[in-house]
Amino acid sequence: MKPILKNYINNKIIIKIFISILLLISTLSLIAISPAIAASFTLGPEIVISYGQHPSIATSPVDGTMHIVYVNNGLRYRSYNPTTGSLGSEELVASGEIWAPQVAVSGDGEVHVVWEKNTTASSYIGYSRRVSGVWKSTGNLNPNSPYRAMMPRIDVDSNNRAHIVFWKNIKGGTLPRGQYNRINKVNGFPNIELTKDISGWENDRFGDIVVDNNNLPHVFSGQVLSISHWTVSESGIFTVAPSLPKPSDPNIEKFMEGISVATGAGGGFYGFSKDAGSLEPKEVFNTRIGGPSKIVWDSPAIGKSVVAAGDMVVNGRAYAIFADENNKGRVLAIDTDGSVIEPILFADAGNQHDGVDRHGPGGVGVVGGGLYVVYQDDRSGTWQVYIRKIITENSPAPTSITVISPNGGEIWATGAHTITWTSSGSPGTDVKIELLKAGVDSLINPTTPNDGSYIWEVPETQMPGSDYKVKITSASNPSYTDISENYFKIINGNISYPLKRIVPRQNDWVEKGTILRSGVAGSWDVRIGGAISPSAIIKKNGTYFLYYIGADGDRSTDKGPRHRAIGVATSKDGINFTKYANNPILTYLPNSNEEEGIFSASLALDDNGDIIMYYSALDAGSMISTSVVSDINMAISKNGFDFIPSGTVISHSDPDVWGYGDEIFPIGTLHTNNKWYVYYITKNSNGIMWDVGLASGTTKEKLTDTKSLIVYPAADDSINDIIGGTGAVVVGDTIVSFFEKGRAGNIQIRITPISTPEEIIEPYDSYQFDYGTGSIHHAFFLDQEKNTWFMYYWDGETGIKVKTVDTGHIYGNVIDSVNKTGVPGVKVSINTTLSTMTDTEGFYSFGVGEGNYDISATLDPTYYSYSTMISTTGNSDVVHDIEIIKKPTGTITGGVTS
């Protein structure tokens, strides 16, 4: 079994522990002794955890508590405090015949457990998470009986998501294959976000999963000549990565027993396994990407390995625990130079029963400088689980490089920036500097002096993003390394400044009044509202097409909108609209149920100039049902009025769709990079509640890839729901998305490069309109020809209104006259009674018409006031940077007398 541990060394390094236990009846076979150095372990006393077998352990990074699971008439759990030596109460996690449990602990201290459960028909994988002392389960991870599923492995990422792999095949048959699952927590309950078969994992039932420091999962599987390696994208795409090679020693035959992989110093991967070329005891060997691969232990004095090795890496030293062929538990260590510490005995053979399952090394935890080994033993005549501390001596020096900047939260535009760090000990004279993004490393400089600073010229070609970190590693000793604590942001200097001008600020919008009203009694749109409406706007051949949802009355059950359908209104100027005489243009009532209809729509033009509409199709399943599900369907029109439906493109019941299970609503469509993208809102019974996903594909009819984009905790739905918006407005080479968060006019603006539509970054700006407490829906549109923005929105009662920004701008930065940096919080005013405050970078902007404007900037009492006059012509833009002068400071001294 393989526990996972994430702990912190010097508050900087996350330690991951991966231990694998396998069962094998063995006989003796010997080869030469590997190089070894003197043992450097000291044993503490054995502590009995409970009766049971197959233990697994993980240590909390929050408080060092050890969490142990084991099998004893079901799956049991117990905690151990190494500081006080106290044991928590035993808890039942799952009943039945349990095998191979694995435990992991996330960064917030929550315990994750995965296991194999056997039934008369098959075996399946179960998962449970301990939330506030209560076990909450997802149930069966492989429901397709008669599959047999075995040997699960688990790791967790910094977002508290569990990543699980296991092996499955038809019981008694062939076609083995690995399966991957990602599990999140929503509304306090586990939710299966993603399930994928691993098509390349087809010859071995043993594998492992590791989440690296960038939250990128890595899957490993034992094959004949190597340990195969894949990375897993957010949408579940498996990409072949460098494999762990087969050792060159001719005595090693195969890798197909006990794969166990951990991240090591410098971010590489270290793997342990046991050769399984026959039914004889075989050697423990170690291999690593970019490093040596060799036998690390076998001895004529004490035999070879029966139970395969597990591993972890602490400060560059790799540790393995295993059972030898005489059923004795042992631990060894491998230093960064490849030298091996001869295994020390931590559990001697007792009164064994059948020579199987003896001293199964269930896992290792690290607290206070000591290893804690958990294992099983039957010396008392009954299987018991033990824990024992092994104090390690002469450990390698701790990592002594520390990244200072960027260390998280910085915003770096293209241009020169200084990377800084500190070092101590013996890291050498030079370091390597790398840039990390989504698990991919790129070199900034392969060798630069270890002097604590490096000026990096961020290139204009650098992809913008909010998930960057810097990694600094000694060029001569990779055990000296460090990574930024948190993500920093890189923005493109070519687009960030005009983007702030192009995307309107809240005070730029000008109200133009009501453009559409509800229909008369008896009409199809007597109700406008109760849906994401207005839904979308598009311009084709000089005509604006505004699509909105209407209902023909109230439902008899709950007075909600009945028979929702979609209609269109047209305009030549984007303000004065006329409803289409033959509305509604599209309906969906498969069972003539009052709840059914169309809830939202999104649009884009294809290469032929046809309008492609994605819309939510609500289906009640029968005429009398009071609940609905929603798929995303597609329809095509050449003229904007006559749409031909072409069926479902995203199904609510497809388990490969992120957020599947109940209702899915499109809110934005984009056709770029020879791909189609649909931004959608989803909610389901697994806890996803009004969150945002993205579907994409190379053809408009097949959107095969889906992923989560915005997921908020569901503690307060009125605050965290994404209830509508416009998913994609293209501004130059940038996508601007407007999401309605909550139900009171709060609009969140997010941006992303058009080259990566699947990357929604943190909020760029926001609007807060005062609409009271009603749910108001908006649709945004940028007319590129007129350089005019339109905001269409339902007024919460009977009509649809519009705001516009169709004037020029005065914009720029307010900067300090001495250090030339932006000054936040400056009040900038013009003589139209408009005023604004500069943002964190000192930026300001006004929407203005043609004329002369007195502009002033004040920040009392720190700076002197500034004023000047600016002239504009037509709808032109004027860039005007303002330098303000800081007032001198001094000290006033004196005394107070009466």
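This is a short talk about salt bridges in one protein chain. The structure is a predicted model, so please keep that in mind throughout.

Let me start with the total. The count comes to 23 salt bridges. I will go through three of them.

Take E234 and R182. Their side chains meet in a salt bridge, with N to O at 3.8 Å. The two residues are 52 residues apart, so this pair links distant parts of the chain. E234 sits in the loop between β19 (226-232) and β20 (238-240), while R182 belongs to strand β15, residues 177-186.

Are these two residues buried or exposed? R182 has a relative accessible area of 2%, and because buried means under 20%, R182 counts as buried. E234 is at 25% relative accessibility, which makes this residue partly exposed.

D157, R161, R182, E193 and E234 are linked in a network of salt bridges.

Next, E434 and K432. Their side chains meet in a salt bridge too, at 4.0 Å from N to O. E434 is buried, with a relative accessible area of 9%. K432, at 29%, is partly exposed.

Last, E595 and R555. In this salt bridge the closest N and O atoms are 3.6 Å apart. Here again the pair links distant parts of the chain, 40 residues apart. Where are they? E595 is in the loop between β47 (578-579) and β48 (597-605). R555 is in the loop between β45 (543-551) and β46 (565-571). Both E595 and R555 are buried.

That is the end of my part.

Terms used: Residues are numbered from 1 along each chain as its sequence is written. This is a predicted model: local features need pLDDT of at least 70, side-chain atom pairs count only at pLDDT 80 or more; totals for chains, interfaces and linings use all residues. Side-chain values use heavy atoms; hydrogens and water are left out. Helices (H or I, at least four residues) and strands (E, at least two) are DSSP runs, numbered from the N terminus. Buried means under 20% relative accessible area, exposed over 50%, partly exposed in between (1.4 Å probe, protein chains only).
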